[in-house]
Amino acid sequence: MNSVNAEELVEVVLPGKVEPEGLRIRHGAVPAPGPGQVLIRMEATGVSFAEQQMRRGRYYDQPPFPFVPGYDLVGTVLTTGTGVEPGLTGTRVAALVKVGGWATHVLVDAADVVPVPAGVDAAEAETLVLNGITAWQMLHRKARIRAGGTVVVHGANGGVGSVLVQLAKAAGVKVIGTASARHHDALRQQGVTPVDYRTGDLAARIRELAPGGVDAVFDHVGGRGIVDSWRLLAPGGTLVSYGTASTRDDEGSKQWPVLKLLGRLWLWNALPNRRRAYFFNVWAGRALARNRFRSRLRSDLTQLFAALQRGDVTPRIAARLPLTEVAEALRLAESGTVAGKVVLHP
């Protein structure tokens with residue numbers, strides 16, 4: 001226990017709506033795990049779109065300021081609370097926490113941690129927690145895609161998009177991916193048909209490639225473009241919407257873009273048209289069915305780590321920065337110039 005006592009907690013606090021430079025570094029005592037909890041020494045956490053929204057006060061169910069952001073993390077269990085299997089101590093685990101990950105030490109319910117296989121790099125594993133689970137569950141649980149199908153992935157070079165593309169290819173699916181022109185060569189090397197999203201009529205270009213429509217569209221942009229995504233579907237096809245990136249810099253209500261989108265999806269589902277539309281939120285269902293949420297997370301993340309070890313998925317790490325340089329990390333992630341995930345280390 002002395003080694004833990006000798007350590008210091010360092011965490012990043014989001015004090016309110018601030019520019020990245022407004023994030024604060026706070027030092028404190030390392031917390032002790034309560035009943036059913038484990039204390040994880042963070043080895044890797046990431047910058048996701050959620051935190052970019054949170055600093056603008058625009059993530060639709062973020063906690064009140066101030067709080068410690070950080071949606072996911074990978075680290076080693078330092079100590080365990082009462083009622084927890086003591087054998088967990090010293091094991092490397094991954095956790096989806098929604099907030100609190102941007103810290104050197106994080107308390108997590110033992111039931112929420114998923115073992116990381118030996119030999120998997122912490123940063124590589126981290127790229128698959130939030131982004132990988134999102135991609136896996138949208139592809140296999142929502143769209144239920146089958147080999148031989150064709151899908152459209154918007155933002156195919158992004159954090160979620162890049163994993164989606166690889167998982168779809170591994171499942172024997174043809175992929176049309178939208179991205180800016182500078183990412184097209186890399187996408188072609190992965191067997192993806194790239195389309196420049198700045199093209200005049202993006203939907204018409206995709207229709208040329210798939211005249212009969214596509215089996216699924218994965219759309220993180222929202223806004224007006226969602227109508228085009230819906231129209232691209234073949235009969236029996238599925239639209240999976242998982243964000244409103246188009247409204248990132250808007251002012252006003254943070255709920256309204258999501259509610260408007262949900263209303264539109266609900267209406268489309270109500271119409272007799274043999275197509276389905278979903279809004280995917282990785283956190284949905286946790287409050288109502290926590291055990292089911294946990295078992296799915298464990299099962300899907302275990303399969304993702306296996307895909308990583310097989311080489312079906314290659315982690316895309318854009319940059320690795322220390323936790324104390326979080327402002328630079330956030331700026332980099334928001335710049336739109338990087339491919340893959342910006343990872344933070346202690």
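Is Arg41 buried, partly exposed or exposed, and what relative accessibility does this rest on? In this predicted model, Arg41 has a relative accessibility of 32% and therefore counts as partly exposed.

**View 1. Arg41 forms a salt bridge with Glu7.** The closest N and O atoms of Arg41 and Glu7 are 2.1 Å apart. This pair links distant parts of the chain, since Arg41 belongs to strand E3 (residues 37-47), while Glu7 sits in the loop between helix H1 (2-6) and strand E1 (8-13), 34 residues apart.

**View 2. Lys341 forms salt bridges with Asp72 and with Glu126.** Between Lys341 and Asp72 the closest N and O atoms are 3.7 Å apart, and the pair links strand E15 (residues 341-345) with strand E4 (residues 72-80), 269 residues apart. Both Lys341 and Asp72 are buried. Between Glu126 and Lys341 the closest N and O atoms are 3.2 Å apart; Glu126 lies in helix H3 (residues 122-126) and Lys341 in strand E15, so this pair ties together parts 215 residues apart in sequence. Glu126 has 0% relative accessibility and therefore counts as buried.

**View 3. Helix H9 (residues 256-270) has a buried side.** Pro257, Val258, Leu261, Leu265 and Trp268 are the buried residues of H9, and because they cover an arc of only 95° around the axis, they lie on the same side of the helix. These buried residues pack against helix H8 (225-231), strand E12 (233-241) and strand E13 (276-279), whereas the face of H9 turned away from the buried side carries the exposed residues Trp256, Trp266 and Ala270.

Methods. Residues numbered from 1 in each chain as written. Predicted model: local features only at pLDDT ≥ 70, side-chain atom pairs only at ≥ 80, totals over all residues. Heavy atoms only, no water. Buried < 20%, exposed > 50% of the residue type's maximum accessible area, 1.4 Å probe, protein only. Helix = DSSP H or I, 4+ residues; strand = E, 2+ residues; numbered from the N terminus. Arc of directions from axis to C-beta. Contact = heavy atoms within 4.5 Å. Salt bridge = Lys/Arg side-chain N within 4 Å of Asp/Glu carboxyl O.
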